[in-house]
Amino acid sequence: NARRLPWTHGRERDELVKWFIKVGKPAFPALLKLSQDPRRDVAEAANNALCEANKKHCKKDDTRLVSALQALPWPGEEHIELQLERARALLLLGDRSMLPHIIGGLEHERLLIRSLCAQYLYDETGERFGYEPGESAAERAHAIDCWNDWWAICSTPSREFAQADVGPRAP
C-alpha cells in the first residue's frame, strides 16, 4: 500500500491514509519514507497519516515520532513547501521548535507560502495579529513583528515562574 500512495488522488488517497492510520505504528517506517517525497501532496498525505496514527496509537508523552521526523534530512531551500509541511507535521506532534520557521515564511515572496504559514500559525495558536497574506510587504511588517514578539515571549521561560517557590526546599 505504501508504494501506491504517490499515485493516488482524492477519495482513493483519503482511504489509503485512513488505512495507514488504522495500521498505526507498523506503518511508521513507510510513512516516514513517504514524508520525504519531493511532491508536497505525497509528503502532506504521509505526514497527516503519521500525525493521526500517532494521536490514535501512542501516548501523549511519546516523542519517538517527533525524534524520527527531526532525524530526517531537512528539505533543501528549493523545497520551501516541503520544509513547511515538515514543520507543520512537527507542530501537530507537539514540537513548537518549528514555529520560527513558520513565522519566517510569513515574509516569503510567494502568496501561497505566506498563506500556508498564516494558516498553520492560526491553527496552532488561534491568533492572526492582523496578518493578511495578500497585503503589501509594508502592511504585513507590523503583524510579522507581532508574531516575532509573541514567539520571543512564548519561547522564553518566565522569570517569575523560574523563581517561583514551588514547595519546601531540602535543608
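**Ground rules.** I am working with a predicted model, where local features need pLDDT of at least 70, side-chain atom pairs count only at pLDDT 80 or more, and totals for chains, interfaces and linings use all residues. Residues are numbered from 1 along each chain as its sequence is written, and side-chain values use heavy atoms, with hydrogens and water left out.

**Entry: α4 and α5.** I looked up helix α4 (residues 64-71) and helix α5 (residues 80-92). Helices here are DSSP runs of H or I, at least four residues, numbered from the N terminus. Their axes come within 10 Å and cross at roughly 165°. Those axes are lines fitted to C-alpha atoms over the stretch in contact, with angles from 0 to 180 degrees between N-to-C directions. So α4 is roughly antiparallel to α5 (the word applies to angles over 145 degrees). Next I listed the contact (heavy atoms within 4.5 Å). V66, L69 and Q70 of α4 meet R86, A89 and L90 of α5.

**Entry: C58.** I found C58 in the loop between α3 (40-57) and α4. C58 is buried, at a relative accessible area of 14% (buried means under 20%, exposed over 50%, partly exposed in between, with a 1.4 Å probe and protein chains only). Neighbours within four places in sequence aside, C58 is in contact with K25, F28 and A53. I also checked W19, 39 residues from C58 along the chain: their C-alpha atoms are separated by 17 Å.

**Entry: F129.** I placed F129 in the loop between α7 (111-125) and α8 (137-154). F129 is partly exposed, with a relative accessible area of 26%. Its phi is positive, about 50°, although F129 is not a glycine. I noted this because most residues other than glycine have a negative phi.

Key
Helices (H or I, at least four residues) and strands (E, at least two) are DSSP runs, numbered from the N terminus. Angles under 35 degrees count as roughly parallel, over 145 as roughly antiparallel, 65 to 115 as roughly perpendicular and the rest as oblique.
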